[in-house]
Amino acid sequence: MYMPAANERALEKARGIPADALILDLEDAVAPDAKDAARERACAKVAEQAYGGREVTIRVNALDTRWHADDLRAAAAAGPDAVVVPKISCAQDVHAVEKSLQAAGAPDRTMIWAMVETPVAMLHAEEIARASQRLAVLVMGTNDLANELHAEHVPGRAPLLPGLGLCLLAARAAGVAILDGVFNDIRDLDGFEAECLQGRQLGFDGKTLIHPGQVEPCNRAFAPTDVALEEARNIVAVWEEALASGRGVATVNGRMIENLHVDNARRIIAVSRAIEELDREAAARAAAH
């Protein structure tokens with residue numbers, strides 16, 4: 001979830017928001033004359049480790065802005081889980097960010113989340129995704145993409161699907177995570193839930209958010225259902241039983257099970273466990289306050 005780093009109240013409120021990851025934003029949400037103060041505030045929150053076990057990232061300003069270098073140096077010193085970099089267009093952009101982080105002494109655990117939000121980025125999505133061991137996530141910038149395509153925001157996002165598909169293919173080919181773009185109308189919960197469902201069906205790992213009211217329906221959409229979790233556990237149990245008895249073939253509900261089904265079942269179980277852990281942490285924070 002994007003949180004404006006210029007707004008101290010919003011950053012404090014983020015402690016109680018059950019988002020999986022927070023993006024402390026120095027870019028679009030911050031006016032030019034507030035950039036320096038927002039940078040200091042975001043880095044202080046990272047240093048405080050104020051948000052428990054959630055991933056905490058800092059979105060810096062784009063490479064071609066006058067704030068970018070200072071943002072990266074400060075973020076490197078603070079050591080967030082990642083820096084989110086807008087307007088990444090090619091592998092060379094990723095290399096430049098990586099070089100700057102290394103020069104500033106960023107810890108190895110500070111990853112790069114590359115925002116891909118232009119036609120040229122869509123066409124270079126695979127080289128971006130493979131550009132660095134530090135690159136862990138592609139983040140779709142759907143507002144900027146629609147603007148550059150001269151496309152309309154319509155239900156189903158038909159104008160954006162080619163670009164979304166290219167980036168999904170690139171992320172899966174490179175073995176990195178990928179997050180869907182934001183949904184702009186915070187009052188349209190039905191439209192938001194439909195877009196979350198579409199994102200999950202397309203294969204996104206999650207969705208970027210702009211309002212606390214979007215967190216719960218997004219978590220619900222991307223979390224495994226009870227039915228899916230029960231099926232996943234059943235698949236793993238049947239498979240392990242088959243292997244233990246020397247059989248290389250198993251069936252569940254009349255369906256042949258292969259390694260790929262088992263791998264996906266284990267992924268679903270792992271996601272469920274991670275969500276449970278975050279929920280426990282959130283409950284503990286709420287009880288402490």
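Trainee: Where is Thr57 placed?
Mentor: Thr57 sits in strand β3, residues 55–59; strands are DSSP runs of E with at least two residues, numbered from the N terminus. This is a predicted model, in which local features need pLDDT of at least 70, side-chain atom pairs count only at pLDDT 80 or more, and totals for chains, interfaces and linings use all residues. Residues are numbered from 1 along each chain as its sequence is written, and side-chain values use heavy atoms, with hydrogens and water left out.

Trainee: Is Thr57 buried or exposed?
Mentor: Thr57 counts as buried because its relative accessibility is 0%. Buried means under 20% relative accessible area, exposed over 50%, and partly exposed in between, with a 1.4 Å probe and protein chains only.

Trainee: What does Thr57 touch, not counting residues up to four places away in sequence?
Mentor: Leu22, Ile23, Leu24, Pro80, Ala82, Val84 and Trp113; contact means heavy atoms within 4.5 Å. Thr57 and Leu22 are 35 residues apart in sequence, with 6.1 Å from C-alpha to C-alpha.

Trainee: Switching to the largest nonpolar core, how many residues has it?
Mentor: It has 64 residues, and Met3, Leu24, Ile128 and Leu138 have the most contacts inside it. Such a core is a set of buried Ala, Val, Leu, Ile, Met, Phe, Trp, Tyr and Cys residues joined through side-chain atoms within 4.5 Å.

Trainee: Which helix gives the most to this core?
Mentor: Helix α8, residues 161–174, with five residues; helices are DSSP runs of H or I with at least four residues.

Trainee: What about a second core?
Mentor: A separate one of 13 residues includes Ala232, Trp239, Ala250 and Ile268.
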